[in-house]
Amino acid sequence: MANLSLYTVTALLILDSEGQRVLAKYYNPPHPAPGQHTGGIGTGEGSGLSTLKEQKAFEKSVHEKTKRGGASEVHPLPPHVVISRTSTDLNFHIIGPLATSNEPMLSLALTAFHDAVSMLLRGQVEKRAVLEGLDMVLLAADECIDDGIILETDGTAIASRVSRPKADASDIVINEQTIMNAYSSLKEQMVRRIGQL
């Protein structure tokens with residue numbers, strides 16, 4: 001039986017059509033799973049993803065593997081498994097450990113993240129729009145995955161937490177009646193406080 005862990009995501013990547021990084025978030029579990037060497041599944045010692053050079057090389061290999069893999073969504077890249085989704089000129093990837101990963105869960109998380117990004121960018125999931133709305137895309141990534149733990153798999157919930165509704169000043173009506181109500185409420189509270197002394 002495989003060791004189960006909440007730390008199921010090694011990396012979340014958005015690469016452009018040439019394999020260049022648009023967004024990359026690498027995760028490292030705080031401690032190795034029982035029976036694993038130091039570094040576990042993430043970016044720590046022994047995983048080969050702790051430096052920028054190693055990450056860029058890994059991203060290049062992910063791009064090459066998914067480009068050669070055709071229409072397939074799941075790509076084994078030992079010791080990782082890569083789940084991919086293509087959108088216009090971007091490729092969304094979620095990477096987990098090959099030995100202990102749950103591909104349907106990783107796929108669900110990637111779909112939720114992609115859907116949230118699509119909602120936040122109003123359907124314009126392309127490189128230019130992602131770079132312009134990078135703050136919302138990063139917040140969506142953080143709402144979906146935190147330190148390698150999948151937190152949310154509903155794209156609508158992620159998008160609603162990230163996007164803030166604009167304050168509508170027309171709902172607040174200030175007139176003489178509301179001021180008188182506030183004054184009388186304050187007066188009653190003052191009388192009660194004085195009465196307690």
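Predicted model: local features only at pLDDT ≥ 70, side-chain atom pairs only at ≥ 80, totals over all residues.
Student: Which strands pair with β5, and in what sense?

Tutor: Strand β1, residues 11-16, pairs with β5 in the antiparallel sense over six bridges, and there L15 has N91 of β5 as its bridge partner. Strand β4, residues 80-87, is also antiparallel to β5, with eight bridges, and in that pairing V81 stands opposite G96. The hairpin of β4 and β5 has two residues between the strands, and T88 takes a positive phi near 45 degrees in it.

Student: Is strand β5 mostly covered or mostly exposed?

Tutor: Buried here means under 20% relative accessible area, and by that cut-off eight of the eight residues of β5, which spans residues 90-97, are buried. For the chain of 197 residues as a whole, buried residues make up 39%.

Student: How is a pocket found, and how much space lies in the second largest pocket?

Tutor: Rolling a probe the size of a water molecule over the atoms shows where empty space is left. In this model, the second largest pocket contains about 190 Å³ of space; 13 residues line it, and those closest to its centre are S5, L6, T8, N102 and M105.

Student: What classes of residue make up the lining of that second largest pocket?

Tutor: Its lining consists of seven nonpolar and six polar residues, with no charged residues.

Technical notes
Residues numbered from 1 in each chain as written. Heavy atoms only, no water. 1 Å grid on protein atoms, 1.4 Å probe; cavity = no way out; pocket = protein on both sides within 12 Å on 5 of 7 lines; lining within 4 Å. Points joined across faces, edges and corners; volume = space filled by probe spheres on them. Nonpolar A, V, L, I, M, F, W, Y, C, P; charged D, E, K, R; others polar. Buried < 20%, exposed > 50% of the residue type's maximum accessible area, 1.4 Å probe, protein only. Helix = DSSP H or I, 4+ residues; strand = E, 2+ residues; numbered from the N terminus. Pairing = 2+ DSSP bridges.
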